[in-house]
Each structure stands twice: as C-alpha cells, then as structure tokens.
Amino acid sequence: MRLLLKRGIALSITLLACLELTAKGQALKTDVDSTSTVQATSVSAAPTPQNYISRYEIFAAPSYLTTPKLNLVQRGFNADFVINVKRWFSVGGDYSNLSGNTDIVPQELTPALQQLLASSVPPGTLIAVPYKSAAQTFGAGPQFNFRRLRRASFFVRPAGGGLHETITLNPDNPLTGALVAQIVPSRKKSDLTLFYGVGGGVDLNMSKHVGVRFAADFVHYKLFSDLLATGQNGVRLSVAPIFRFGGSVK
C-alpha cells in the first residue's frame, strides 16, 4: 500500500506538471498573438484560479489506517460526500470500513491485567495473542479549501466522529487459550468511541468534473479502556479519483 501511494503521488505530480506546462504554453501563444511578448509573459506567470467549483463532490477510495502503538495496520475503503457552500468552505460526511490482523502483548494491557498475567504465567514466558480487527468510522464536519491554482486544490479539515471496533481473539496455544478464556471468555469484544484530530490533502484537477485526491487524517482515540492501558494515535491515508457535479459555487 505504501509503495502504491508513493507511485501514485509521483505519477500524479508528473501529470500535473505536464498539464500546467501545456496550459501555460497555450496561454502564452494566445497572448503573443494579441499583445506584446512582455505582456504575455506576465499573464502566463500569474496563478490561474479555478472558474468552476461544483456544488457536490464524491470520493471513494482504497484506504490504509495504521495504529503504531498496537502495531496494527488495517486496509479497506474510505468514502466522502462533500457539499461546497462557498469556494473556500464545504461541509461533508465521511465513512470508512477497514480490517487487519496483529497480536496483543502484555505491555499493551492495563496494569491490573498485567498483574494478573504476572501471577498466572511463569517469569520470562513470552505471550502474544493473535487477533483480527474490524473497524468502521463515521465522521462529519467542515472543510476549508484553497483554490488559487487551476490544476490543484488544497484542503484542511478537523477530523472528528465515531469509531466502532470489533476484535476477535485467536489464541494459538493452550496457555494463551486459557488466558483469553479468563479475560475475554467470548473471544470477541466490541467498542464504540470518539476520535478527533486533523486532516487534509490535495486534489489534482484532471478535468472539470474529475480529479485525483490524496488525503491524510491524523486522529486520536481510546478503545477498550478495560483492556488497553492507553489511548491510540492513528493515521489514515486514501488516494482515488474524485467526481464533481452540480452548478458552480460562487
């Protein structure tokens, strides 16, 4: 996924540069025909803002969420629906569905559970319980846009909403099986919590109605407070086409 993102960014930047050079070349040719060379150079060097700002935007993308403290990587998809109220201001909703696998280790547990393990397991015994994680996020809020360039739009937004996470523990030996039976008898646990942070990104405008969005969100949340000792920080990355429609916004 990281390699895909790097290649996608490099390809899109190259394409954007080619589009900008083409647009500047066309503008320069037109200006030379009608005015002096000095006037043409001045006009072509100035930033060209976007003329058409659609009322609505839809974005659906492969997504990648990493939680370093838990050594957890989850993959899935992310979707946005945005309403542009002004050229610079939007409101929208966000949804993502992701899943992944990792191990839970004693160092991640609450002090009370660590003491329980210390009294139940011989010193020096390594414990790691594999588990599968499935997450859904729901968010909504404002977005602030910067549209001073014709071929690129930048945006920032507060990231906030709800996170629903389900973990399924899969002990792979008798010892971890006995410990899981004592701590989480059903082997499955769910939690719903709030997350908050900040997000942003860039849209590369390929045409009037289609672009490519690169988005990143940095968030904090605290899941399973009766199981995990501390809160977690997560980074979500998404890249895919964005589609625009509706009348132009002033």
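Is Asn 71 buried or exposed? Asn 71 is exposed, with a relative accessible area of 61%, where exposed means over 50%, buried under 20% and partly exposed in between (1.4 Å probe, protein chains only). This residue is found in the loop between S1 and S2, and its phi is near 55°, a positive value in a residue other than glycine. A second residue with positive phi is Phe 224, for which the angle is near 50°. Phe 224 is found in the loop between S7 and S8 and counts as buried, at 5% relative accessibility.

The structure is a predicted model, in which local features need pLDDT of at least 70, side-chain atom pairs count only at pLDDT 80 or more, and totals for chains, interfaces and linings use all residues. Residues are numbered from 1 along each chain as its sequence is written, and side-chain values use heavy atoms, with hydrogens and water left out. The mean pLDDT (the predictor's confidence in each residue, from 0 to 100) is 84 for the protein, and 80% of the residues reach 70 or more. Over residues 1–45 pLDDT stays under 50. For this segment the model has 32 contacts beyond four places in sequence, a contact being heavy atoms within 4.5 Å. Where pLDDT is low, the predicted coordinates should not be read in detail.

The protein has four helices and eight strands, taken as DSSP runs numbered from the N terminus (helices H or I, at least four residues; strands E, at least two). From the N terminus on, the order of elements is α-α-β-β-β-α-β-β-α-β-β-β. Of the 250 residues, 39% count as buried. Among contacts between residues at least 6 apart in sequence, 72% join residues at least 24 apart. The accessible surface, from the Shrake-Rupley method with a 1.4 Å probe (for residues, only the protein chains shown count as cover), comes to about 13500 Å², and 65% of it belongs to carbon and sulfur atoms.

Ten salt bridges were counted, each defined as a side-chain nitrogen of Lys or Arg within 4 Å of a carboxyl oxygen of Asp or Glu. One of them joins the side chains of Arg 213 and Glu 57 (3.5 Å, N to O). This pair links distant parts of the chain, with Arg 213 in strand S7 (residues 210–221) and Glu 57 in strand S1 (residues 54–67), 156 residues apart. Both Arg 213 and Glu 57 are buried. In another salt bridge, the closest N and O atoms of Asp 80 and Arg 157 are 3.3 Å apart. Asp 80 lies in strand S2 (residues 72–84) and Arg 157 in strand S5 (residues 152–169), so the pair ties together parts that are 77 residues apart in sequence. Asp 80 is buried, at 5% relative accessible area, and Arg 157 counts as buried at 10%. Asp 203 forms a salt bridge with Arg 244, with 3.9 Å between the closest N and O atoms. Asp 203 is in strand S6 (residues 188–205) and Arg 244 in strand S8 (residues 232–248), 41 residues apart; both are buried. A network of salt bridges links Glu 57, Asp 80, Asp 94, Arg 157, Asp 203, Arg 213, Asp 217, Arg 236 and Arg 244.

Charged side chains also lie over aromatic rings, a case defined by NZ of Lys or CZ of Arg within 6 Å of the ring centre and within 35 degrees of the ring normal. Arg 213 lies over the face of Phe 155, at 4.3 Å from the ring centre. Lys 208 lies over the face of Tyr 52, at 4.7 Å from the ring centre.

Seven aromatic pairs were counted. Rings of Phe, Tyr and Trp (its six-membered ring) pair if their centres lie within 6.5 Å; planes under 30 degrees apart count as stacked, over 60 as edge-to-face and the rest as tilted. Tyr 95 and Phe 138 form a tilted pair, 5.3 Å centre to centre with 50° between the planes. Tyr 95 lies in strand S3 (residues 89–104) and Phe 138 in strand S4 (residues 129–146), so the pair ties together parts that are 43 residues apart in sequence. Tyr 95 counts as partly exposed at 23% relative accessibility, as does Phe 138 at 42%. Tyr 56, Phe 81 and Phe 245 form one aromatic cluster.

Phe 59 is found in strand S1 and counts as buried, at 1% relative accessibility. Phe 59 and Phe 81 are 22 residues apart in sequence and 6.6 Å apart in space, C-alpha to C-alpha. Beyond its neighbours within four places in sequence, Phe 59 has contacts that include Asp 80 and Arg 213.
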